[in-house]
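Here is a short tour of a protein chain, from its overall fold down to a few of its residues. Have the structure open as you read along.

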Amino acid sequence: NSIGKIIANVLFFLLIAVAVFLITTTTIEKTTGKKVLPYSLLRVITESMEPNIPANSYILVKTVSAGEIKKGDVITFRSRDPQIQGELNTHRVVDVLNGGTEFVTKGDNNVADDEYHVFSEDILSKYVCNMPVVTFFVNLYSSKAGLIVTLAVGILACVISVFAIRKAVKPDETDDKEEI
């Protein structure tokens with residue numbers, strides 16, 4: 001039973017470590033423009049892709065070339081829209097033009113197609129899936145109360161693990177005593 005708790009705690013901390021690693025690599029990629037891994041986590045801020053991708057959620061995307069993009073794919077690209085010039089945008093491809101070098105996009109929740117087309121050099125990645133567990137933990141950490149509770153649970157889990165390991169390693173004192 002103690003070993004099961006230890007394994008559960010280790011898995012919990014590994015999950016947190018992976019999430020932190022993915023968020024860190026995404027931050028590096030956003031600031032340097034260089035890809036660290038073929039997969040990245042991105043935060044979708046607006047409601048433009050609801051209900052498929054909720055606002056303020058994290059998604060997993062994969063680096064792809066423009067030649068791999070087809071109608072119906074959800075892509076992340078650097079926008080040419082003057083209101084958000086150069087910012088990342090994630091929308092669905094509704095049409096492919098000029099032999100696959102120009103794309104018409106639209107947010108699933110938007111009424112009209114995007115006014116500014118996407119070109120091959122603007123494409124960064126293709127949507128893979130929603131990441132609800134990462135979204136949950138990031139939202140939890142983003143509040144002071146959530147951070148305090150999470151840290152307290154983590155510290156408590158570490159303390160319990162240390163005592164469980166000590167008990168498992170330390171021989172029972174009653175075994176060492178000789179009967180008189």
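## Overall fold

The chain's secondary structure amounts to four helices and seven strands, where helices (H or I, at least four residues) and strands (E, at least two) are DSSP runs numbered from the N terminus. Starting at the N terminus, the order of elements is α-β-β-β-β-β-β-β-α-α-α.

Please keep in mind that this is a predicted model, in which local features need pLDDT of at least 70, side-chain atom pairs count only at pLDDT 80 or more, and totals for chains, interfaces and linings use all residues. Residues are numbered from 1 along each chain as its sequence is written, and side-chain values use heavy atoms, with hydrogens and water left out.

## Burial

Of the 180 residues in the chain, 31% are buried, meaning under 20% relative accessible area, with exposed over 50% and partly exposed in between (1.4 Å probe, protein chains only).

Let's move to the strands. Strand β3 (residues 74–78) pairs with strand β4 (residues 88–97) in the antiparallel sense, over five bridges; pairing requires that DSSP finds at least two bridges between two strands. Here Phe 77 sits opposite Asn 89 of β4.

β4 also pairs with strand β5 (residues 102–106), in the antiparallel sense and over five bridges, and Val 96 is opposite Phe 103 of β5.

Leu 14 belongs to helix α1 (residues 2–32). Leu 14 counts as partly exposed because its relative accessibility is 47%.
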